[in-house]
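Please walk me through this structure.

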Number of protein chains: 4
Amino acid sequence: MGKTLKSIKMIEQPGEHSYVFSKYIDPIVRVSPGEVVEILTKDAFENQITSGDDVPSKILGDYLNPQTGPIYIEGAEPGDTLVAHIIDIEPTRDWAVSVMKENFGGLTATDLTRTLHEPLPEKVWIYKLANGMLTNNERLNFPWRPFLGTIGTAPEIEAVSALTPFDHGGNMDVPDTKPGNKVYLPVRTEGAYFYTGDCHAGQGDGELCGVALEIAAKVKMKFELIKGKEIKWPRIESDTEYMVVGSARPMEDAARIAYAELIDWMVELGWEKFEAYQALTQIGNLYVGNMVDTYYSLVAKIQKKYVHPGE
Amino acid sequence: MGKTLKSIKMIEQPGEHSYVFSKYIDPIVRVSPGEVVEILTKDAFENQITSGDDVPSKILGDYLNPQTGPIYIEGAEPGDTLVAHIIDIEPTRDWAVSVMKENFGGLTATDLTRTLHEPLPEKVWIYKLANGMLTNNERLNFPWRPFLGTIGTAPEIEAVSALTPFDHGGNMDVPDTKPGNKVYLPVRTEGAYFYTGDCHAGQGDGELCGVALEIAAKVKMKFELIKGKEIKWPRIESDTEYMVVGSARPMEDAARIAYAELIDWMVELGWEKFEAYQALTQIGNLYVGNMVDTYYSLVAKIQKKYVHPGE
Amino acid sequence: MGKTLKSIKMIEQPGEHSYVFSKYIDPIVRVSPGEVVEILTKDAFENQITSGDDVPSKILGDYLNPQTGPIYIEGAEPGDTLVAHIIDIEPTRDWAVSVMKENFGGLTATDLTRTLHEPLPEKVWIYKLANGMLTNNERLNFPWRPFLGTIGTAPEIEAVSALTPFDHGGNMDVPDTKPGNKVYLPVRTEGAYFYTGDCHAGQGDGELCGVALEIAAKVKMKFELIKGKEIKWPRIESDTEYMVVGSARPMEDAARIAYAELIDWMVELGWEKFEAYQALTQIGNLYVGNMVDTYYSLVAKIQKKYVHPGE
Amino acid sequence: MGKTLKSIKMIEQPGEHSYVFSKYIDPIVRVSPGEVVEILTKDAFENQITSGDDVPSKILGDYLNPQTGPIYIEGAEPGDTLVAHIIDIEPTRDWAVSVMKENFGGLTATDLTRTLHEPLPEKVWIYKLANGMLTNNERLNFPWRPFLGTIGTAPEIEAVSALTPFDHGGNMDVPDTKPGNKVYLPVRTEGAYFYTGDCHAGQGDGELCGVALEIAAKVKMKFELIKGKEIKWPRIESDTEYMVVGSARPMEDAARIAYAELIDWMVELGWEKFEAYQALTQIGNLYVGNMVDTYYSLVAKIQKKYVHPGE
């Protein structure tokens with residue numbers, strides 16, 4: 001999982017963690033495009049839940065999902081696109097944690113989908129990480145598939161909770177923000193104010209109970225700026241795919257955004273709008289990243305070979 | 001794509017096509033469990049659109065998506081489960097068709113999501129099928145990946161439009177109802193009244209513009225009855241995966257149904273409920289089958305190796 | 001509450017109640033336009049729950065909401081509009097009932113909004129009807145405001161559950177289908193196949209727990225046919241208001257349908273489309289009829305004086 | 001509409017308008033509980049659209065809905081409730097404006113409900129205010145029914161766009177935030193950071209095209225603090241009714257929040273939870289405030305006489 005060279009800048013999460021994506025907070029560091037950095041991230045519970053006997057509601061404070069940032073990107077101006085190359089994710093401890101939290105999750109009443117039911121029970125699962133597997137018991141035993149649950153930039157005038165995914169990125173919880181991939185984010189304020197955190201050692205589609213395999217990590221990353229190129233929603237590029245993440249409620253609106261923006265991307269690459277619509281109808285993919293956060297995040301994708309058929 | 005043996009019963013779509021899943025319609029044939037049959041299906045437009053110059057709104061009648069059925073399954077009684085083994089799908093013509101239809105599709109106003117916009121233009125794409133590829137032009141050129149867009153049984157007392165997916169199956173438009181897989185359907189009326197049709201030569205997730213690669217086909221299939229076993233929603237089993245299809249609006253309700261029913265299935269297989277919830281959080285998959293029909297259909301799945309870890 | 005003249009046709013709910021709106025069922029009676037009839041309706045539980053100690057899940061069968069019908073309207077043909085004048089609703093017993101039913105209601109998990117919670121408790125409230133008030137105890141004490149929870153015609157080819165509201169009317173549960181008002185319904189099959197039932201002695205907006213003040217009743221009604229006039233969704237007219245009922249999920253789609261159809265109605269009455277849009281923005285009303293049925297029903301309305309300002 | 005006494009503090013919207021509800025912005029004034037103030041508000045377009053020939057997309061900047069605030073309330077601390085008594089609203093000009101804006105409104109594609117349609121046309125309607133009526137032409141002629149479209153406090157750590165309604169209040173666009181009524185708002189930051197603006201000369205339920213009768217105004221108001229009383233969502237009290245505003249998407253979640261919180265309020269007033277659920281089922285009201293903003297706002301209400309039956 002990579003060796004840290006001396007020359008790489010190491011960015012720690014400061015004592016005062018950030019729970020919002022915001023230009024109102026002073027940057028913790030300034031980074032230049034092209035520079036490789038390593039970013040240390042705490043887990044979504046600030047590393048506070050450590051045992052299967054812990055009771056989340058008694059331990060956790062009002063805020064969750066602490067981010068490392070804001071990171072000021074030199075030269076970034078509103079209207080640019082910031083490209084975050086995720087080079088590597090290395091765990092900084094040998095265990096991950098998932099929990100059932102009151103009024104949070106995909107198959108429970110929540111603060112938004114209110115009911116009169118008693119809350120579901122709270123539960124904690126600790127997973128040991130060894131040999132590329134995360135193991136709680138013989139049934140709960142899953143491979144290491146790390147990605148960044150939360151990654152984004154500051155909105156233009158708002159300060160958005162680190163629990164929220166939206167058009168600035170944020171808490172999208174989509175497994176494709178992973179090593180090897182590039183994440184395109186809108187720059188909406190001078191310096192971009194980049195944040196990341198909430199590393200997941202693995203997660204299924206939807207993040208069903210609301211909490212993935214949460215882990216502390218060191219993320220190796222490099223930034224690139226595309227000057228004067230504006231995007232409306234976060235995009236992801238892998239070696240073989242173009243992807244857009246849409247985040248909204250109800251879930252069909254997230255699906256509409258993701259596919260409509262992917263059409264826009266294809267149009268930028270030379271496609272006619274309705275032909276792109278037709279192509280995605282027959283060969284696009286659409287999966288649920290999260291069905292638990294304040295907005296649901298869906299990923300629409302198409303393989304590059306269908307976008308550039310002659311090449 | 002298989003040779004048809006003389007002994008196989010061939011079931012044609014009758015002159016009077018069925019546009020509802022219903023016990024109120026006389027069965028066109030009776031089939032015994034274990035018997036292999038071949039079912040001929042027309043395309044979703046009754047084979048009426050044949051040229052890129054056709055204007056769908058001038059050609060199509062009030063009803064779409066004609067089904068072959070009802071097929072009476074000998075011995076099927078309410079409370080049983082019918083298992084449809086999809087053995088093979090063979091095209092009966094060498095072309096497929098997709099269209100943009102007025103007020104229908106994933107990125108348009110519809111009869112349910114009403115707006116004041118003028119309708120999108122109508123368009124027809126004809127694809128040639130040859131060498132395992134469906135080709136309209138050099139950009140619209142996709143592999144043969146056939147499946148049954150519509151498959152289901154009759155509801156208990158309702159007659160449900162063939163355009164609707166719900167807990168009886170129906171027009172789910174999920175690519176996993178494909179050769180090699182088993183589709184579990186609830187039996188809610190004596191004889192089950194099985195229907196299928198709407199063969200797709202291929203489709204992306206969501207069936208974005210509303211119309212996949214529609215084709216006429218011959219489907220080889222075998223039925224199995226599980227007596228006294230009741231299921232609430234359609235299930236699919238492949239060699240490697242367990243899947244449930246949830247169909248509802250808004251889309252998050254389809255997601256909830258699909259995962260909740262998959263938990264129920266895991267509980268039947270020996271899992272504790274909250275442990276199954278946890279497992280699906282970390283290793284489940286959830287994709288959008290259709291985002292265009294009267295209900296949206298989502299498929300939740302888990303690999304069998306995670307359900308039966310010791311085996 | 002009116003005296004029954006000898007000459008009025010009395011229509012009883014037959015022994016074999018109807019739980020679907022469907023052309024596949026034989027009419028129980030034929031009625032001519034202009035003829036005044038009285039229709040007897042059972043309550044939504046078939047009059048089976050009679051005591052506060054009853055446990056609904058032990059008493060109720062698979063079907064609920066029995067309807068009186070189909071009533072064949074002489075001369076009705078597809079493409080006509082049927083106008084049902086609700087003249088009077090008279091209770092046929094001196095009590096009403098409401099219950100909390102498992103997995104049904106506005107603030108509970110349901111079969112569509114699935115969660116892992118234990119069901120809410122079952123409860124029964126019996127209300128005595130006297131002096132124009134329905135009284136369970138000193139706090140639960142509400143005025144007599146009767147209306148028809150369910151009223152509609154048969155769909156063209158489907159048989160729709162009596163629990164479902166949609167474009168044919170059905171189980172809309174909107175308090176404006178009340179004495180003095182006219183309900184416009186689409187005729188989609190020869191004879192219209194009219195049904196009504198589910199009389200409510202009163203109900204708040206949304207029918208929050210899922211069950212209003214359910215009562216058995218005698219409904220005095222007269223039918224009118226508007227030949228060759230097609231409507232897409234049910235309309236209601238009072239002395240002072242025009243109203244449209246939209247039924248869909250998510251709830252915003254029901255709102256869109258109701259207002260879009262009300263614009264269509266205003267256009268029929270001479271308005272320009274965007275001016276009607278503007279007028280409804282400033283003076284329209286929109287309330288929630290039900291937030292508990294298979295589709296949510298919303299009522300958009302405008303006062304006639306704003307539609308016909310010079311008159 | 002009231003005479004301004006010399007002793008009343010007049011609060012003007014500063015040159016640098018506020019487009020977010022936020023503790024990160026310096027208060028423009030400090031006000032004590034009990035003090036009567038007059039607040040000047042600009043219209044939602046900053047008073048920039050003045051003629052029926054204006055083209056909104058050419059005039060308007062990136063931000064809309066300027067607020068007067070933050071107003072620091074002396075003594076307010078997190079966990080308190082701020083009560084804003086709306087005493088009077090007086091227009092400061094004799095005309096109001098409504099527009100159709102691109103990709104905004106209830107019957108159009110939007111940035112969240114994305115489609116491939118061309119935008120609806122832009123339109124501007126100017127209404128003259130005279131004799132208690134707002135008049136554009138003989139059809140568009142509506143009574144003066146003023147209320148505050150936007151009213152709220154700052155969130156705990158976020159800075160929320162002035163276009164957004166949520167649990168802090170904000171851009172709810174519900175006609176019950178009107179003179180004579182009290183609006184209860186949560187205090188989540190020291191000083192409460194109160195904002196208001198977006199005065200509407202009148203509006204129908206749903207604010208259908210997205211823009212009410214927008215007007216500049218002077219609002220007379222008095223604040224009250226309830227120390228140590230925490231509320232989760234905004235409440236409104238009139239002489240005769242208790243109301244809660246829920247804001248969410250999909251719309252059914254807003255409905256659930258509004259009624260669930262109204263049950264909580266009734267429980268605070270001595271009711272048993274399920275009995276309150278039953279009472280609201282039979283006598284509650286639920287209307288759509290807005291169906292156009294980033295969240296939809298619904299108002300659930302009950303008449304006080306049903307909450308306090310013996311009194």
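## A loop residue and its surroundings

A:Ala216 lies in the loop between strand 16 (194–200) and strand 17 (217–226) of chain A. Helices (H or I, at least four residues) and strands (E, at least two) are DSSP runs, numbered from the N terminus. This is a predicted model, in which local features need pLDDT of at least 70, side-chain atom pairs count only at pLDDT 80 or more, and totals for chains, interfaces and linings use all residues. Residues are numbered from 1 along each chain as its sequence is written, chains are lettered from A and ligands numbered from 1 in the order in which they are written, and side-chain values use heavy atoms, with hydrogens and water left out.

Is A:Ala216 buried or exposed? A:Ala216 counts as buried, because its relative accessibility is 5%. Buried means under 20% relative accessible area, exposed over 50%, and partly exposed in between (1.4 Å probe, protein chains only).

Which residues does A:Ala216 touch? Leaving out residues up to four places away in sequence, A:Ala216 touches A:Thr41, A:Lys42, A:Asp43, A:Asn47, A:Pro91, A:Thr92 and A:Arg93. Contact means heavy atoms within 4.5 Å. A:Ile89 is 127 residues from A:Ala216 in sequence, yet their C-alpha atoms are 10.0 Å apart in space.

## Chain A as a whole

Chain A has four helices and 21 strands. Its radius of gyration is 19 Å, which agrees with the value near 19 Å for a compact globule of 311 residues. The radius is taken over C-alpha atoms, and the globule rule is 2.2 Å times the number of residues to the power 0.38. Along the principal axes, the C-alpha atoms of chain A fill a box of roughly 55 × 45 × 40 Å.

Buried residues make up 66% of the 311 residues in chain A. Of the contacts in chain A with a separation of 6 or more, 78% are between residues 24 or more positions apart.

## Strand pairing

Two strands pair if DSSP finds at least two bridges between them.

| Chain | Strands | Bridges |
|---|---|---|
| A | strand 7 (residues 95–100) and strand 8 (residues 123–130) | six |
| A | strand 8 and strand 9 (residues 133–135) | three |
| B | strand 5 (residues 67–73) and strand 16 (residues 194–200) | three |
| B | strand 11 and strand 16 | five |
| B | strand 11 and strand 14 (residues 169–170) | two |

In chain A, A:Ala96 has A:Tyr127 of strand 8 as its bridge partner. A:Lys128 is bridged to A:Thr135 of strand 9. Strands 8 and 9 of chain A form a hairpin with two residues between the strands, where A:Asn131 takes a positive phi near 55°.

Chain B holds an open sheet of six strands in the order 3-5-16-11-14-13, with mixed pairing. Its edge strands are strand 3 (29–31) and strand 13 (165–166), each pairing on one side only. B:Gln67 has B:Gly197 of strand 16 as its bridge partner.

Why is strand 11 (residues 147–152) of chain B largely enclosed by the rest of the structure? Six of its six residues are buried, so strand 11 of chain B is largely enclosed. B:Ile151 stands opposite B:Thr196 in strand 16 of chain B. B:Ile151 also stands opposite B:Gly170 in strand 14 of chain B.
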